Each structure stands twice: as structure tokens, then as C-alpha cells.
Amino acid sequence: MAEQEQRFGEFVVVRRHGGEEPTGVVELVLDRPKAMNAVSTEMARSIGAACAALAADPGARVVVLTSTHERAFCVGADLKERNSLSDAELVRQRPTTRGAYGGVLELPMPTIAAVHGFALGGGFELALACDVIVADETAVVGLPEVSVGVIPGGGGTQLLPRRVGAARAAELIFTARRVEAAEAVSLGLVDEVVAAGGDRERALELAGRMAANSPVGLRAAKRALRLGHGMDLAAGLEIEDAAWRTVAFSGDRAEGVAAFNEKRKPNWPGE
């Protein structure tokens, strides 16, 4: 399958699958292998920029977050850089790091993290910002920030309890422990475990299945899921109704119904 690549800075690549016939599947690739994808200020800035470009790209239907390092998805913040920063520099850096994690979290299309090896601290928070996490058998995940005197600051204290419940999240964050793949899937920290080396392939397979559906429908469904989470049922149903109204009169809805009746594959207009 032909691919098109665009680099954002030195450490982030956006890879569009399908070439002249794009599939709508896009990889957001963490590419700082010499540092096991530790998130430096420059890398955070690049992640944020790549996410901003993807959010504005109507051709991006599903995003898969992957890594070029064989033994790590991402080991979290660049603590070597962090150690060199003054208090004032750390304060100035904060909006940039928040922009990276928030950029992934706020992508309007479905997102899948393909995790292998270490996904720790900010690395696991990047995965938690995705809708689905596929891990391979080598995956080790965790939020160990309190062991170095900080807290999960890339969304971990809010995203983890939404996945596994408040008490389980507290235990994991307060102990700073690392969790291997088999336990991680049993606890709901990841959604699926595949054979070693198979995380990217499986994530891309899932992305392809998702991307075959209406891009308008996918984004509206994600919006309803995200906004409705934590709401009482009545408020959630109003959010769902508002999302339904954005698709009910769309070109995608008309095409979907026509394709079903004509027993053919839809050609989604994406609007």
C-alpha cells in the first residue's frame, strides 16, 4: 500500500495510507528512537502541530499513534531536559507539553494507540488520550510520576479513572507501579493484547475497518461519546440528539441510505 509522509520537526511523522487512493487511515508516528521517544519540548511542539494539521484535515478519518522504537512506545517526559530547566523555563514549557497531550485527546476523529514495550508516564498518557489502545505482549504501562516527585500531568489523573475507576486509578498512580500486558488488559488499561510485534498491524486493521464508515458519522459519534461521558442520562441523550442532528441531513447519510438500498459500497462525500 502506497504511503505519503510529512515530517513535523525532527521527531514526528504523519503517514497517510493509500497513496493516490487514500484510505483515510493516518499514522501519527513518534520518531525519536535515540531517546526511546522521550517527549522533549521540541517533540511536544511537533506533536501539537501535527495534531492541529490532522484536526483540520477532512481526509483523515482515523488516526493511529505508533512508534519507530522497537522496545518502546514512549517512555514519557524527557527527564534529562527537564533536569536542566529553571523553574521559569519549566513554567514556560508547560503550555507546549499540554498542547501535545491535548492535541491527541482533542482529535475529532477516532484514534487508536499501537503500544509495545514501555509506555510510561507521559507515554502512557498519550495512549490514554486515544479512543482505543492495542498493545502487544511486550507492553509495560504505568504512571510512575510520583516516584520522581511530580504527578501525571498529561491527563493521566483524569483519563485513567475514566478507564478503570477511581480506586484502581488511585492504586496505580500512588504506587507508581508498572503493569505488564496480561494484567493491563485484565484491568482495562489497554483494550486488546496481540502477539509480540503485532500491535501496529492490528491497530491499522482496526483503523481500516473504522475508516470504511462515514467520516461524518465517525466524528459525530466520537463527539457524543466524549461529551456525554459522565453526564446524567437525560443530559447525555440531549448530547446524542444534537450529534444525530449534525448527521441526519448530511450528504453521508443520504449516500449511506442510497448505497444500502442499491446494495453497493458507499462513496462517502464526507459532509
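By class, 15 nonpolar, eight polar and eight charged residues make up the lining of the largest pocket. (Nonpolar here covers Ala, Val, Leu, Ile, Met, Phe, Trp, Tyr, Cys and Pro; charged is Asp, Glu, Lys and Arg; the others, Gly among them, are polar.) Before you click on, know that this is a predicted model, where local features need pLDDT of at least 70, side-chain atom pairs count only at pLDDT 80 or more, and totals for chains, interfaces and linings use all residues. Numbering starts from 1 along each chain as its sequence is written, and side-chain values use heavy atoms, with hydrogens and water left out.

Start by selecting G76, A77, L79, R82 and E145: of the 31 lining residues, these lie nearest the centre of the largest pocket. (A pocket is an open set of points on a 1 Å grid over the protein atoms alone, where a 1.4 Å probe fits, with protein on both sides within 12 Å along at least five of seven lines; lining residues have an atom within 4 Å of a point.) The space there is about 840 Å³, a volume filled by probe spheres set on the points, which are joined across faces, edges and corners.

Now colour α2 (79–84), α3 (87–105) and α4 (122–128), the elements giving two or more residues to this lining. The largest share, six residues, is from α3. (Helices are DSSP runs of H or I, at least four residues, numbered from the N terminus.)

Next stop: the second largest pocket, at about 720 Å³. Pick D131, K222, L225, R226 and H229, the closest to its centre among 22 lining residues. Then show α5 (156–164) and α9 (215–228), each supplying at least two lining residues; α9 gives the largest share, eight. Colour this lining by class and you get twelve nonpolar, two polar and eight charged residues.
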